[in-house]
Amino acid sequence: MAACALRDVCALRRLVVQGRRACAIVDAESSSRGADVVAFGMEIAQHARASEWARALDVLHRMAAVGVPANVVCYNTALASLSALGPPSVLGRVEGLLASMAERRVPPDIATYNTA
């Protein structure tokens, strides 16, 4: 990993630890410079904390587009972001995420079922 990529990922982690909102920090360009599943997961978590479920799901989809496989933690965080939606609206999106997990062979854990 290049020094600038490592610096970008470390800066993102510092922003998240400090509780600052980081908009669009991880994009296709920065991903190709070394962003990993942890950096993407932190961005998903930031959007989830801000009740920005659509942005959290966008990050999850962007991960696949740039070749970074999402893990169960990323999916669980994305599922948690859907709590901002009401019951009728959330069902289809939850089912979609669970189907995506199965398709990508990401096994759900107890947190997945408690969140969904």
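The model is predicted, with 7 helices and 0 strands.

- In soluble globular proteins, nonpolar side chains tend to be buried together.
- Not counting residues up to four places away in sequence, Ile44 touches Ala56, Val59, Leu60, Met63, Cys74, Thr77 and Ala78.

**Salt bridge**

- The structure contains 1 salt bridge.
- The side chains of Glu43 and Arg62 form a salt bridge, with an N to O distance of 3.0 Å.
- This pair joins distant parts of the chain, since Glu43 belongs to helix α3 and Arg62 to helix α4, 19 residues apart.
- Glu43 counts as buried because its relative accessibility is 2%, which lies under the 20% limit for that class.
- Arg62 has 24% relative accessibility and therefore counts as partly exposed, a class that lies between the 20% and 50% limits.

**Overall architecture**

- From the N terminus on, the order of elements is α-α-α-α-α-α-α.
- Of the 116 residues in the protein, 38% are buried.
- Among contacts with a separation of 6 or more, 61% are between residues 24 or more positions apart.
- The protein exposes about 6,500 Å², of which carbon and sulfur atoms supply 58%.

**Confidence of the model**

- The protein has a mean pLDDT of 78, and 70% of its residues reach 70 or more.
- Residues 1–6 have pLDDT below 50, and this stretch makes 5 contacts in the model beyond near neighbours in sequence.
- Residues 20–32 also have pLDDT below 50, and for this stretch the model shows 29 contacts beyond near neighbours in sequence.

Note on methods
Residues are numbered from 1 along each chain as its sequence is written. This is a predicted model: local features need pLDDT of at least 70, side-chain atom pairs count only at pLDDT 80 or more; totals for chains, interfaces and linings use all residues. Side-chain values use heavy atoms; hydrogens and water are left out. Contact means heavy atoms within 4.5 Å. A salt bridge is a side-chain nitrogen of Lys or Arg within 4 Å of a carboxyl oxygen of Asp or Glu. Helices (H or I, at least four residues) and strands (E, at least two) are DSSP runs, numbered from the N terminus. Buried means under 20% relative accessible area, exposed over 50%, partly exposed in between (1.4 Å probe, protein chains only). Accessible areas come from the Shrake-Rupley method with a 1.4 Å probe; for residues, only the protein chains shown count as cover. pLDDT is the predictor's confidence in each residue, from 0 to 100.
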